[in-house]
Amino acid sequence: MKKRKKRVSSHPVSSIQNHFPKFTITTLGCKVNQSESDAMAHQLKNSGWHPVHPKEKADLCIINTCTVTQKASMQSRQAVRKAIRSNPGACIIVTGCYAQTEPDEIDKINGIHHIIGHGDKSKIPDIILSEEEAPYPRLIRQNILSEHNFEQTPAPVSGNRTRPFLKIQDGCDSFCTYCIVPYARGRSRSMPIENVLENIKQLKQAGYHEVVLTGVHLGAYGLDFSPKTGLTELLHRIGDTHPMGRVRLSSIEPHELTDDIIQLVAKADIFCHHFHLPLQSGDDLILKKMHRPYTRSLFKNQIIKINELLPDAAIGVDTLIGFPGETEKAFENTYSLIAELPVTYLHVFPFSARKGTPASKYPQPVDSKTIKARCKKMRSLGQVKRKDFYKKFTGKPVEILIEDKRDKFTGLLKGITSNYMPVHVNGDDNLKNTLVQVRIEKVKSDKKVLGAFY
Ligand code: SF4
């Protein structure tokens, strides 16, 4: 950081030592960030802290930031300012990907006590209790690119999620030309297989029925071990030991989704019938410029394979719209590929140049108006695909895991099927966090799926 801007007059610990200390964590970004926030919350609870709703005043506010796009960085800064405004006198900690990559930008905001990079997040309970009198904000950040150890965080057994996220892999070695993530999270590193199984077991013992295995680059799981192992090996062990009712996989790169994994998901009833593949572009030239090591045709074959073996599976796809050099024809290649395949939902991201990445300097940028229009077109396609998929199940029986929170508009219970369909049912609170059988009654025009008990 260039210079210390301002010394916060009182040490924040003095205001939190003598009473019932309360904390909030605001999380931006992906499932990995959310999983890490859950782990931080678990640690803080074990250290005597009490979680409160973000609208309540807290003594400690942690903002776990994201920087995947310019918008995410901006939203992270907004969240920091909001926490400072709403919690006068609180200890303010900023961590996560934005804190790791651009601490100088965060330092411009007055009122922060600690800016903590990825390598030290798990030390937060100790850091806030350290009596060290330092000018604030204190920057605690390692060179993440030299980190080789997987940071073991506790299983998120006390989180408030019905379907907890378990981070089993962190970092990425791929350096796609548009992506800031390897600079924010460092090299790929994984949780040992035995620890994954133990963590899932602990979650089961704590009463959970589903766990979502997450990672920054899940397909690289285990490749950092010596001898190497892989995601396929881990999933076979999970299939054999059956440590939990349901196991869901988060995003897997198209070229890393092996036939073995698809067959295993089809055969072993523990795995949710749900795949998520980051395509980004359906144009081979753009894929090459992105440094994505697969082609349109490989992606197409993967989706067809999944659909043949698991016709009921949800297949989610990420697209990145407006990469430099994306012509109308290149965009249409992405659009037509998605349109023709049995994809069931889309996540559409506008390209956003990230400082320090090769693509931020590429020629032929696409103007923002065009990016917006293409995103809109792609999102509309996603809505149609989603609705068509849901409609296929009308009249059919499904099993849903009822979530802890009711739908805020209808007050109905909401459950998720193995194939990622949210189903709304009328029922009592005692059904929360249970697996129940319902029948799909109808799909409303707003895509809300209504179910009924038999
Ligand atoms: S695979 Fe590419 S897009 Fe995904 S995290 Fe790694 S560098 Fe980023």
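In this predicted model, Gly 186 is in contact with Ile 144, Leu 145, Glu 147 and Gly 171, leaving aside its neighbours within four places in sequence. The residue sits in the loop that runs between α6 (181-185) and β8 (189-190). Is Gly 186 buried or exposed? A residue counts as buried if 20 or more other C-beta atoms lie within 10 Å of its own, and Gly 186 has 24 such atoms within 10 Å, so it is buried. A second residue, Lys 405, gives a sense of distance across the chain: Gly 186 and Lys 405 are 219 residues apart in sequence, and their C-alpha atoms are separated by 35 Å.

The domain assignment divides the protein chain into domain 1 (12-142), domain 2 (165-391) and domain 3 (397-453). Between the C-alpha centres of domain 1 and domain 2 there are 29 Å. Where these two domains meet, 15 residues of domain 1 are in contact with 16 residues of domain 2. On the domain 1 side, at least two residues each are supplied by α1 (31-46), α2 (70-86) and α3 (97-101). Which of these elements gives the largest share? The answer is α1, with 6 residues of the side that touches domain 2. Sorted by class, this side of domain 1 holds 8 polar, 4 charged and 3 nonpolar residues.

The shell around the ligand is built from Cys 172, Ser 174, Phe 175, Cys 176, Cys 179, Val 181, Pro 182, Val 216 and His 217. In terms of class, these residues divide into 7 nonpolar and 2 polar, with no charged residue in the shell. Phe 175 lies in the loop between β7 (165-170) and α6, and its phi is near 50°, a positive value in a residue other than glycine. Phe 175 has 12 C-beta neighbours inside 10 Å and therefore counts as exposed, the cut-off for that class being 12 or fewer.

A positive phi also turns up at Asn 433, where the angle is near 60°, again in a residue other than glycine. Asn 433 belongs to the loop between β16 (422-425) and β17 (435-443). With 15 other C-beta atoms within 10 Å, Asn 433 is partly exposed. Another backbone feature is found at Ser 226 and Pro 227, which are joined by a cis peptide bond with omega at about -5°. Pro 227 is part of the loop between β9 (210-215) and α8 (231-241).

Finally, a pair of helices can be described. Helix α12 (residues 328-340) packs with helix α13 (residues 368-391) at an angle of about 5°, and their axes are 11 Å apart. Angles under 35 degrees count as roughly parallel, and α12 and α13 are therefore roughly parallel to each other. Which residues make the contact? From α12 come Phe 331, Tyr 335, Ile 338 and Ala 339, while α13 brings Arg 374, Lys 377, Met 378 and Leu 381. By class, the residues of this contact comprise 6 nonpolar and 2 charged, with no polar residue.

Terms used. Residues numbered from 1 in each chain as written. Predicted model: local features only at pLDDT ≥ 70, side-chain atom pairs only at ≥ 80, totals over all residues. Domains from an automatic or database assignment. Contact = placed C-beta atoms within 7 Å. Helix = DSSP H or I, 4+ residues; strand = E, 2+ residues; numbered from the N terminus. Nonpolar A, V, L, I, M, F, W, Y, C, P; charged D, E, K, R; others polar. Axes fitted to C-alpha atoms, helices over the stretch in contact; angles between N-to-C directions. Parallel < 35°, antiparallel > 145°, perpendicular 65-115°, else oblique. Near = placed C-beta within 6 Å.
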